[in-house]
Amino acid sequence: MPPRKIIIDTDPGQDDAVAILLALASPEDIELLGLTCVAGNVPLALTSKNARIVCELAGKPHVRVFAGCDRPLGRDLVTAEHVHGKTGLDGPDLPDPTMPLQDQHAVDFIIDTLRDHPSGTVTLCPLGPLTNIATAFEKAPDIIPRVQEIVLMGGAYFEVGNITPTAEFNIYVDPQAADIVFKSGAPITVMPLDVTHKALVTPERNAAFRRLGTPVGIAVAQMTDFFERFDKEKYGSAGAPLHDPCVTAYLIRPDLFSGRVINVEIETGSDLTLGMTVADWWRVSGRDPNALFMGNIDADGFFTLLTERLARL
(Lines give C-alpha, C1' and ligand atoms only; values in the text may rest on other atoms or scores of the structure.)
Protein backbone atom coordinates (compact mmCIF):
# COMPACT_ATOMS: atom_id res chain seq x y z
CA MET A 1 0.00 0.00 0.00
CA PRO A 2 1.32 3.49 -0.79
CA PRO A 3 1.66 5.93 2.10
CA ARG A 4 -1.58 7.57 3.13
CA LYS A 5 -1.78 11.26 2.19
CA ILE A 6 -2.83 13.36 5.16
CA ILE A 7 -3.19 16.91 6.42
CA ILE A 8 -2.73 17.31 10.18
CA ASP A 9 -4.82 20.17 11.56
CA THR A 10 -3.36 21.03 14.93
CA ASP A 11 -3.02 23.33 17.94
CA PRO A 12 0.25 22.12 19.56
CA GLY A 13 0.12 21.15 22.58
CA GLN A 14 2.55 18.51 23.86
CA ASP A 15 0.37 15.60 22.75
CA ASP A 16 -0.12 17.23 19.33
CA ALA A 17 3.67 17.41 19.08
CA VAL A 18 4.01 13.68 19.70
CA ALA A 19 1.31 12.96 17.09
CA ILE A 20 3.20 15.05 14.52
CA LEU A 21 6.51 13.36 15.39
CA LEU A 22 4.92 9.92 14.91
CA ALA A 23 3.69 10.93 11.46
CA LEU A 24 7.09 12.34 10.47
CA ALA A 25 8.77 9.14 11.65
CA SER A 26 6.52 6.93 9.50
CA PRO A 27 7.07 7.79 5.81
CA GLU A 28 6.22 4.28 4.66
CA ASP A 29 2.73 4.71 6.12
CA ILE A 30 2.07 8.46 6.01
CA GLU A 31 2.74 11.22 3.48
CA LEU A 32 2.25 14.46 5.39
CA LEU A 33 1.08 17.03 2.85
CA GLY A 34 1.13 19.88 5.34
CA LEU A 35 0.36 21.05 8.86
CA THR A 36 -2.53 23.48 9.29
CA CYS A 37 -2.70 25.34 12.57
CA VAL A 38 -5.72 26.55 14.52
CA ALA A 39 -6.27 28.42 17.77
CA GLY A 40 -7.01 26.03 20.61
CA ASN A 41 -4.63 24.91 23.34
CA VAL A 42 -2.94 28.30 22.94
CA PRO A 43 -3.60 31.21 20.55
CA LEU A 44 -2.82 30.86 16.84
CA ALA A 45 0.53 32.70 16.95
CA LEU A 46 1.82 30.06 19.34
CA THR A 47 0.26 27.01 17.68
CA SER A 48 1.77 27.98 14.31
CA LYS A 49 5.12 28.59 16.01
CA ASN A 50 4.97 25.31 17.93
CA ALA A 51 4.20 23.28 14.81
CA ARG A 52 7.40 24.59 13.22
CA ILE A 53 9.40 23.92 16.39
CA VAL A 54 8.26 20.29 16.25
CA CYS A 55 9.18 19.93 12.56
CA GLU A 56 12.67 21.27 13.24
CA LEU A 57 13.04 19.00 16.29
CA ALA A 58 12.32 16.08 13.95
CA GLY A 59 14.85 17.35 11.39
CA LYS A 60 12.06 17.96 8.86
CA PRO A 61 12.17 21.70 8.07
CA HIS A 62 10.74 21.06 4.59
CA VAL A 63 7.23 20.42 5.98
CA ARG A 64 4.81 23.16 5.01
CA VAL A 65 3.05 24.84 7.94
CA PHE A 66 0.00 27.07 7.46
CA ALA A 67 -1.74 29.38 9.93
CA GLY A 68 -5.52 29.19 9.94
CA CYS A 69 -8.43 30.49 12.00
CA ASP A 70 -7.57 32.48 15.11
CA ARG A 71 -10.96 32.18 16.81
CA PRO A 72 -13.96 29.83 16.89
CA LEU A 73 -16.89 30.36 14.54
CA GLY A 74 -19.38 31.76 17.01
CA ARG A 75 -17.81 32.35 20.42
CA ASP A 76 -14.72 33.63 22.20
CA LEU A 77 -11.59 31.48 22.21
CA VAL A 78 -11.04 29.21 25.22
CA THR A 79 -7.43 28.09 25.69
CA ALA A 80 -5.67 25.54 27.91
CA GLU A 81 -2.47 27.08 29.24
CA HIS A 82 -3.43 25.56 32.60
CA VAL A 83 -2.67 22.17 31.02
CA HIS A 84 0.01 22.88 28.43
CA GLY A 85 1.83 25.85 29.93
CA LYS A 86 2.12 29.40 28.64
CA THR A 87 3.87 28.35 25.41
CA GLY A 88 1.75 25.25 24.76
CA LEU A 89 4.97 23.21 24.64
CA ASP A 90 6.27 23.75 28.16
CA GLY A 91 8.71 21.12 29.36
CA PRO A 92 11.69 20.99 27.00
CA ASP A 93 13.79 24.04 26.17
CA LEU A 94 13.45 24.10 22.38
CA PRO A 95 14.79 26.86 20.11
CA ASP A 96 12.56 29.19 18.16
CA PRO A 97 11.95 27.95 14.60
CA THR A 98 13.84 29.28 11.60
CA MET A 99 11.67 27.59 8.94
CA PRO A 100 9.05 29.88 7.41
CA LEU A 101 5.33 29.93 7.92
CA GLN A 102 3.59 29.62 4.54
CA ASP A 103 1.81 32.69 3.18
CA GLN A 104 -1.36 30.82 2.23
CA HIS A 105 -4.21 30.59 4.76
CA ALA A 106 -4.68 27.09 6.17
CA VAL A 107 -8.31 26.92 5.03
CA ASP A 108 -7.34 27.69 1.44
CA PHE A 109 -4.56 25.09 1.58
CA ILE A 110 -7.08 22.46 2.72
CA ILE A 111 -9.46 23.39 -0.09
CA ASP A 112 -6.78 23.47 -2.78
CA THR A 113 -5.23 20.19 -1.65
CA LEU A 114 -8.53 18.33 -1.72
CA ARG A 115 -9.30 19.74 -5.16
CA ASP A 116 -5.84 19.03 -6.57
CA HIS A 117 -5.57 15.40 -5.47
CA PRO A 118 -7.76 12.59 -6.81
CA SER A 119 -11.04 12.29 -4.93
CA GLY A 120 -10.84 9.95 -1.95
CA THR A 121 -7.07 10.12 -1.51
CA VAL A 122 -6.57 12.77 1.20
CA THR A 123 -7.33 12.18 4.89
CA LEU A 124 -7.88 15.08 7.30
CA CYS A 125 -6.48 14.59 10.81
CA PRO A 126 -7.77 17.28 13.20
CA LEU A 127 -6.06 17.25 16.59
CA GLY A 128 -7.70 20.43 17.93
CA PRO A 129 -10.86 22.46 17.49
CA LEU A 130 -12.54 21.86 14.13
CA THR A 131 -12.66 25.51 13.06
CA ASN A 132 -10.39 25.19 10.02
CA ILE A 133 -12.14 22.07 8.74
CA ALA A 134 -15.64 23.49 9.17
CA THR A 135 -14.62 26.77 7.55
CA ALA A 136 -13.22 24.92 4.55
CA PHE A 137 -16.41 22.84 4.25
CA GLU A 138 -18.59 25.95 4.43
CA LYS A 139 -16.45 27.88 1.94
CA ALA A 140 -16.06 25.00 -0.54
CA PRO A 141 -18.70 22.29 -0.03
CA ASP A 142 -17.49 20.57 -3.21
CA ILE A 143 -14.48 19.24 -1.26
CA ILE A 144 -16.56 17.27 1.25
CA PRO A 145 -17.15 14.21 -0.97
CA ARG A 146 -13.47 14.31 -1.96
CA VAL A 147 -12.31 13.60 1.62
CA GLN A 148 -11.09 10.02 2.10
CA GLU A 149 -11.68 10.13 5.86
CA ILE A 150 -11.60 12.47 8.82
CA VAL A 151 -9.73 10.92 11.75
CA LEU A 152 -10.03 13.26 14.71
CA MET A 153 -9.27 13.46 18.39
CA GLY A 154 -12.24 14.86 20.25
CA GLY A 155 -15.34 14.12 22.24
CA ALA A 156 -16.21 11.56 24.88
CA TYR A 157 -19.01 9.28 25.97
CA PHE A 158 -18.20 7.12 29.01
CA GLU A 159 -15.46 9.56 30.10
CA VAL A 160 -17.86 12.53 29.78
CA GLY A 161 -15.93 15.85 29.88
CA ASN A 162 -12.47 17.19 30.66
CA ILE A 163 -13.14 20.95 30.33
CA THR A 164 -16.76 20.94 31.53
CA PRO A 165 -18.71 18.12 33.21
CA THR A 166 -20.00 17.01 29.78
CA ALA A 167 -17.61 18.34 27.11
CA GLU A 168 -14.17 17.43 25.84
CA PHE A 169 -11.90 20.42 25.18
CA ASN A 170 -11.53 20.29 21.37
CA ILE A 171 -15.27 20.08 20.78
CA TYR A 172 -16.09 22.61 23.50
CA VAL A 173 -13.80 25.28 22.04
CA ASP A 174 -15.81 25.36 18.80
CA PRO A 175 -19.02 23.32 19.03
CA GLN A 176 -20.51 25.04 15.98
CA ALA A 177 -17.58 23.89 13.87
CA ALA A 178 -17.86 20.36 15.24
CA ASP A 179 -21.56 20.33 14.41
CA ILE A 180 -20.80 21.28 10.80
CA VAL A 181 -18.18 18.56 10.46
CA PHE A 182 -20.26 15.78 12.04
CA LYS A 183 -23.23 16.69 9.82
CA SER A 184 -21.10 16.94 6.65
CA GLY A 185 -21.50 13.35 5.49
CA ALA A 186 -17.73 12.82 5.28
CA PRO A 187 -16.48 9.51 6.74
CA ILE A 188 -15.43 10.22 10.33
CA THR A 189 -13.39 8.20 12.81
CA VAL A 190 -13.33 9.58 16.36
CA MET A 191 -10.67 9.10 19.04
CA PRO A 192 -12.58 10.22 22.16
CA LEU A 193 -11.40 10.45 25.74
CA ASP A 194 -12.77 6.92 26.17
CA VAL A 195 -9.76 5.72 24.18
CA THR A 196 -7.14 8.34 24.94
CA HIS A 197 -7.54 8.02 28.71
CA LYS A 198 -6.35 4.43 28.27
CA ALA A 199 -3.13 5.57 26.53
CA LEU A 200 -1.33 6.61 29.72
CA VAL A 201 2.32 7.60 29.84
CA THR A 202 3.39 5.63 32.92
CA PRO A 203 6.86 6.20 34.41
CA GLU A 204 8.08 3.07 32.63
CA ARG A 205 6.79 4.24 29.25
CA ASN A 206 8.27 7.69 29.72
CA ALA A 207 11.60 6.16 30.71
CA ALA A 208 11.56 4.28 27.39
CA PHE A 209 11.30 7.61 25.54
CA ARG A 210 14.16 9.06 27.57
CA ARG A 211 16.35 5.99 26.99
CA LEU A 212 16.27 6.67 23.26
CA GLY A 213 18.91 9.26 24.09
CA THR A 214 18.04 11.39 21.07
CA PRO A 215 16.86 15.01 21.07
CA VAL A 216 13.40 13.77 20.08
CA GLY A 217 13.23 11.06 22.75
CA ILE A 218 14.45 13.38 25.49
CA ALA A 219 12.10 16.20 24.42
CA VAL A 220 9.09 13.88 24.36
CA ALA A 221 9.96 12.62 27.84
CA GLN A 222 10.25 16.21 29.07
CA MET A 223 6.94 17.15 27.43
CA THR A 224 5.10 14.30 29.07
CA ASP A 225 6.82 14.99 32.40
CA PHE A 226 5.30 18.48 32.28
CA PHE A 227 1.98 17.44 30.76
CA GLU A 228 1.29 14.71 33.31
CA ARG A 229 1.38 16.94 36.38
CA PHE A 230 -2.11 18.22 35.54
CA ASP A 231 -3.76 14.93 34.65
CA LYS A 232 -2.28 12.92 37.50
CA GLU A 233 -3.63 15.46 39.97
CA LYS A 234 -6.99 15.71 38.21
CA TYR A 235 -7.70 12.03 37.58
CA GLY A 236 -5.46 10.28 40.08
CA SER A 237 -4.10 8.23 37.18
CA ALA A 238 -0.70 6.59 36.76
CA GLY A 239 0.30 9.06 34.06
CA ALA A 240 -0.88 11.52 31.46
CA PRO A 241 -3.06 10.40 28.55
CA LEU A 242 -1.49 10.87 25.12
CA HIS A 243 -4.61 11.99 23.30
CA ASP A 244 -3.58 13.12 19.83
CA PRO A 245 -1.02 10.42 18.90
CA CYS A 246 -3.95 8.00 18.86
CA VAL A 247 -4.99 9.62 15.56
CA THR A 248 -1.61 9.01 13.93
CA ALA A 249 -1.30 5.53 15.39
CA TYR A 250 -4.69 4.59 13.96
CA LEU A 251 -3.49 5.45 10.45
CA ILE A 252 -0.51 3.13 10.91
CA ARG A 253 -2.02 0.33 13.04
CA PRO A 254 -5.83 0.43 12.96
CA ASP A 255 -5.86 -2.99 14.57
CA LEU A 256 -4.78 -1.36 17.85
CA PHE A 257 -8.25 0.21 18.18
CA SER A 258 -11.82 -1.00 18.38
CA GLY A 259 -15.14 0.86 18.34
CA ARG A 260 -18.64 1.11 16.93
CA VAL A 261 -20.26 2.89 13.99
CA ILE A 262 -22.86 5.08 15.69
CA ASN A 263 -24.62 8.43 15.52
CA VAL A 264 -22.81 11.37 17.12
CA GLU A 265 -24.52 14.74 17.54
CA ILE A 266 -22.95 17.93 18.94
CA GLU A 267 -24.75 20.05 21.53
CA THR A 268 -24.59 23.69 20.45
CA GLY A 269 -27.47 25.35 22.29
CA SER A 270 -27.28 24.44 25.97
CA ASP A 271 -25.32 26.41 28.54
CA LEU A 272 -25.24 23.30 30.69
CA THR A 273 -23.94 20.78 28.13
CA LEU A 274 -22.42 22.96 25.38
CA GLY A 275 -19.93 20.97 23.31
CA MET A 276 -21.14 17.58 24.47
CA THR A 277 -20.72 14.74 21.96
CA VAL A 278 -24.04 12.94 22.27
CA ALA A 279 -22.79 9.54 21.20
CA ASP A 280 -25.50 6.94 20.67
CA TRP A 281 -23.27 4.08 21.84
CA TRP A 282 -26.23 1.79 22.54
CA ARG A 283 -27.97 2.74 19.25
CA VAL A 284 -31.21 3.77 20.93
CA SER A 285 -31.96 7.05 19.13
CA GLY A 286 -32.86 5.72 15.70
CA ARG A 287 -30.62 8.39 14.15
CA ASP A 288 -28.44 7.40 11.23
CA PRO A 289 -24.84 6.47 12.08
CA ASN A 290 -22.29 9.10 11.05
CA ALA A 291 -19.04 8.12 12.78
CA LEU A 292 -16.81 5.25 13.82
CA PHE A 293 -16.51 6.05 17.53
CA MET A 294 -13.61 4.25 19.15
CA GLY A 295 -13.97 2.65 22.54
CA ASN A 296 -10.76 0.77 23.27
CA ILE A 297 -7.04 0.66 22.56
CA ASP A 298 -4.20 -1.85 22.92
CA ALA A 299 -2.12 0.53 25.03
CA ASP A 300 0.99 -1.68 25.14
CA GLY A 301 0.95 -2.03 21.37
CA PHE A 302 0.42 1.70 20.99
CA PHE A 303 3.43 2.61 23.14
CA THR A 304 5.61 -0.02 21.48
CA LEU A 305 4.78 1.48 18.08
CA LEU A 306 5.34 5.01 19.34
CA THR A 307 8.70 4.28 20.93
CA GLU A 308 9.98 2.31 17.93
CA ARG A 309 9.00 5.04 15.48
CA LEU A 310 10.32 7.95 17.57
CA ALA A 311 13.68 6.16 17.69
CA ARG A 312 14.00 6.83 13.94
CA LEU A 313 14.11 10.61 14.33
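Glu-28, Asp-29, Arg-309 and Arg-312 are joined in a network of salt bridges, a salt bridge being a side-chain nitrogen of Lys or Arg within 4 Å of a carboxyl oxygen of Asp or Glu. In total, 13 salt bridges are present in the structure. The model is predicted, so that local features need pLDDT of at least 70 and side-chain atom pairs count only at pLDDT 80 or more, while totals for chains, interfaces and linings use all residues. Residues are numbered from 1 along each chain as its sequence is written, and side-chain values use heavy atoms, with hydrogens and water left out.

Arg-205 and Asp-300 form a salt bridge in which the closest N and O atoms are 2.7 Å apart. This pair links distant parts of the chain, 95 residues apart: Arg-205 lies in helix α9 (residues 203–211) and Asp-300 in helix α12 (residues 299–310). Helices (H or I, at least four residues) and strands (E, at least two) are DSSP runs, numbered from the N terminus. Arg-205 is buried at 18% relative accessibility, whereas Asp-300 is exposed at 52%. Buried means under 20% relative accessible area, exposed over 50%, and partly exposed in between (1.4 Å probe, protein chains only).

A salt bridge also connects the side chains of Asp-142 and Arg-115, at 2.8 Å from N to O. Asp-142 is in the loop between α5 (131–139) and β5 (147–153) and Arg-115 is in helix α4 (residues 106–116), so the pair ties together parts 27 residues apart in sequence. Asp-142 is partly exposed at 38% relative accessibility, and Arg-115 is partly exposed at 42%.

In the salt bridge between the side chains of Lys-183 and Asp-179, the N to O distance is 3.3 Å. Lys-183 is exposed, with a relative accessible area of 57%, while Asp-179 is buried at 16% relative accessibility.
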